Amino acid sequence: MARVRVGVLECRGGTSIGFVVGSVTHLGCVLRADGVPEDRYIATIRKVGVDLGITQQSTLAWVVYAPVERLGIGDLSGDYAGAQGSASVGVGVGGNVLIGGSANSIALQPLSVQGQVGLNVSAGLESLELRPGR
């Protein structure tokens with residue numbers, strides 16, 4: 001399936017505590033695309049695998065690829081999944097590639113590495129649930 005770049009999804013969130021088998025993090029997100037009003041989402045990220053430590057804040061950004069050139073308000077809503085890895089002692093980095101949305105037609109590619117502040121190491125599978133925000 002051919003996909004075109006439609007914009008950038010940026011997410012920011014607060015504290016996350018990782019356990020041996022995973023973690024859950026809530027973020028506020030916004031999709032920015034040329035010629036379209038900002039589209040806000042609430043994200044829940046669940047990690048399964050090794051996840052130890054605590055992060056105080058996280059910032060993630062993905063380039064959004066879809067089968068159409070323009071998405072409507074709320075069109076990114078859905079469930080995404082992929083592999084992830086990150087580490088931090090003070091300031092740290094990580095990355096992930098996620099596929100999902102309507103009929104698994106949307107790809108989220110890391111724009112750059114994620115940024116986080118805390119003490120943490122994680123690797124495994126990640127799911128991202130995007131719901132319309134305010």
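Me: Buried means under 20% relative accessible area, exposed over 50%, partly exposed in between (1.4 Å probe, protein chains only). Is Cys29 buried or exposed?

Reply: First, a heads-up: this is a predicted model, where local features need pLDDT of at least 70, side-chain atom pairs count only at pLDDT 80 or more, and totals for chains, interfaces and linings use all residues. Residues are numbered from 1 along each chain as its sequence is written, and side-chain values use heavy atoms, leaving out hydrogens and water. As for Cys29, its relative accessibility is 3%, so it counts as buried.

Me: Which residue does Cys29 join in a disulfide?

Reply: The structure holds one disulfide (a pair of cysteine sulfur atoms within 2.5 Å). Its S to S distance is 2.1 Å, and with 110° about the S-S bond the link is right-handed. The partner is Cys11.

Me: How many residues apart in sequence are the parts that Cys11 and Cys29 tie together?

Reply: Think in strands (DSSP runs of E, at least two residues, numbered from the N terminus). Cys11 lies in strand S1 and Cys29 in strand S3, so the parts tied together are apart by 18 residues.

Me: Which strand gives the largest share of the lining of the largest pocket?

Reply: Sixteen, or 16, residues line the largest pocket, with Val6, Gly7, Ala33, Asp34 and Val36 nearest its centre. Strands S1 (4-13), S3 (22-33) and S4 (36-66) each give two or more residues to the lining. A pocket here is an open set of 1 Å grid points with protein on both sides within 12 Å along at least five of seven lines, where a 1.4 Å probe fits, and lining residues have an atom within 4 Å of a point. The largest share, four residues, comes from S1.
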